[in-house]
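Please keep the structure in view while reading.

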Amino acid sequence: MLGPLPLSEGKSLSPARLGFLRQSGPRTASPGDAPVTRVAPKTWKPGKQSWTMTQQPLRGVTSLRFNQDQSCFCCAMETGVRIYNVEPLMEKGHLVLIWDDAREGKDSKDKLVLEFTFTKPVLAVRMRHDKIVIVLRNRIYVYSFPDNPRKLFEFDTRDNPKGLCDLCPSLEKQLLVFPGHKCGSLQLVDLASTKPGTSSAPFTINAHQSDVACVSLNQPGTVVASASQKGTLIRLFDTQSKEKLVELRRGTDPATLYCINFSHDSSFLCASSDKGTVHIFALKDTRLNRRSALARVGKVGPMIGQYVDSQWSLASFTVPAESACICAFGRNTSKNVNSVIAICVDGTFHKYVFTPDGNCNREAFDVYLDICDDDDF
């Protein structure tokens with residue numbers, strides 16, 4: 001079984017090499033071992049959203065990321081990497097070792113099965129069942145995967161210090177999205193229709209006036225959501241027509257968005273920011289979203305009109321503002337009750353349930369870092 005290193009956005013491997021190890025079964029970690037992760041053998045998929053610490057790490061957590069079906073999350077720490085199941089919350093019991101260049105040769109039992117080497121730091125990695133995407137600061141590489149990897153594509157990008165990129169996991173759509181050359185734009189590439197070694201006109205969406213800060217595809221790859229560095233608006237676009245579908249307002253004050261995620265059926269979207277609030281928006285029935293009271297006034301000026309036309313979240317909940325978090329949707333408990341999971345860098349796990357009328361209540365709370373002892377890690 002192979003697993004990708006869940007790299008933090010904005011952090012990199014040094015030197016710029018990626019390695020994958022195969023381990024036949026569980027073993028006990030000993031001092032000096034390479035980072036060990038406990039992970040499910042077949043259900044784990046490469047990460048969808050990640051967050052990188054900009055302040056001092058809390059409890060040693062440096063990065064968090066959900067997998068693409070949001071059933072697991074990865075916690076990268078100063079001492080290694082842990083993989084958790086979301087529902088029920090538990091640490092995974094199988095092992096995948098990820099090769100670390102600084103620890104090469106520490107254990108002769110660890111067998112390197114795949115390696116990628118680059119001249120510049122690697123900022124992010126995205127994977128699907130047949131491809132692996134490596135994100136550098138100004139370039140993105142796409143390789144076939146996992147058998148006999150070969151480079152398929154190479155794309156130049158705008159300066160991308162966070163390693164922003166998303167890859168559709170759907171078998172029907174091989175869509176890749178990343179920041180375009182123009183400020184605030186998104187570039188989309190259909191890897192299935194693009195021939196390796198050829199160049200074609202970029203498929204670009206002018207999404208924002210300032211640099212893109214967060215981007216996410218829904219699971220079918222039909223809709224892309226993005227936010228700018230200002231962090232007040234989230235815009236959704238049809239990936240085929242490039243038309244703007246809806247504009248969602250997180251708030252009026254600038255904020256840093258950590259995460260944007262779609263629900264499994266694309267009926268809802270959630271987003272977290274440094275304001276300590278997780279917002280939930282309706283996509284399938286946008287009438288559920290709140291509107292500004294000015295919307296009832298009638299015709300207003302162009303500047304105010306943009307504010308009035310925005311849709312506000314139908315529900316929201318708070319987590320400690322000083323503790324960054326990622327968010328994703330949990331399993332539905334009933335037709336009219338949905339849930340959102342928030343994983344925070346202070347080691348806390350929050351589960352909230354919400355209804356279409358906007359009621360939102362906490363259903364579960366736990367400390368995921370306390371589930372297993374560091375001595376066992």
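The count of aromatic pairs comes to 14; rings of Phe, Tyr and Trp (its six-membered ring) pair if their centres lie within 6.5 Å, with planes under 30 degrees apart counted as stacked, over 60 as edge-to-face and the rest as tilted. This is a predicted model: local features need pLDDT of at least 70, side-chain atom pairs count only at pLDDT 80 or more, and totals for chains, interfaces and linings use all residues. Residues are numbered from 1 along each chain as its sequence is written, and side-chain values use heavy atoms, leaving out hydrogens and water.

**Aromatic pairs**
- Phe-153 and Phe-155 are stacked, because their ring centres are 5.9 Å apart and their planes lie at 20°.
- Phe-155 and Phe-178 have centres 5.7 Å apart and planes at 35°, so this pair is tilted.
- Phe-155 sits in strand E13 (residues 151-156) and Phe-178 in strand E15 (residues 175-179), so the pair ties together parts 23 residues apart in sequence. Strands (E, at least two residues) are DSSP runs, numbered from the N terminus.
- Phe-66, Phe-73, Tyr-84 and Tyr-368 form one aromatic cluster.

**Burial**
- Phe-155 counts as buried at 13% relative accessibility. Buried means under 20% relative accessible area, exposed over 50%, partly exposed in between (1.4 Å probe, protein chains only).
- Phe-178 is buried at 0%.

**Hairpin**
- Six of the six residues of strand E22 (residues 257-262) are buried, so E22 is largely enclosed by the rest of the structure.
- E22 runs antiparallel to strand E23 (residues 268-273), joined by five bridges; strands pair if DSSP finds at least two bridges between them.
- Leu-257 has Ser-273 in E23 as its bridge partner.
- Five residues separate E22 and E23 in the hairpin, and Ser-266 in the turn has a positive phi of about 65°.

Key. Helices (H or I, at least four residues) and strands (E, at least two) are DSSP runs, numbered from the N terminus.
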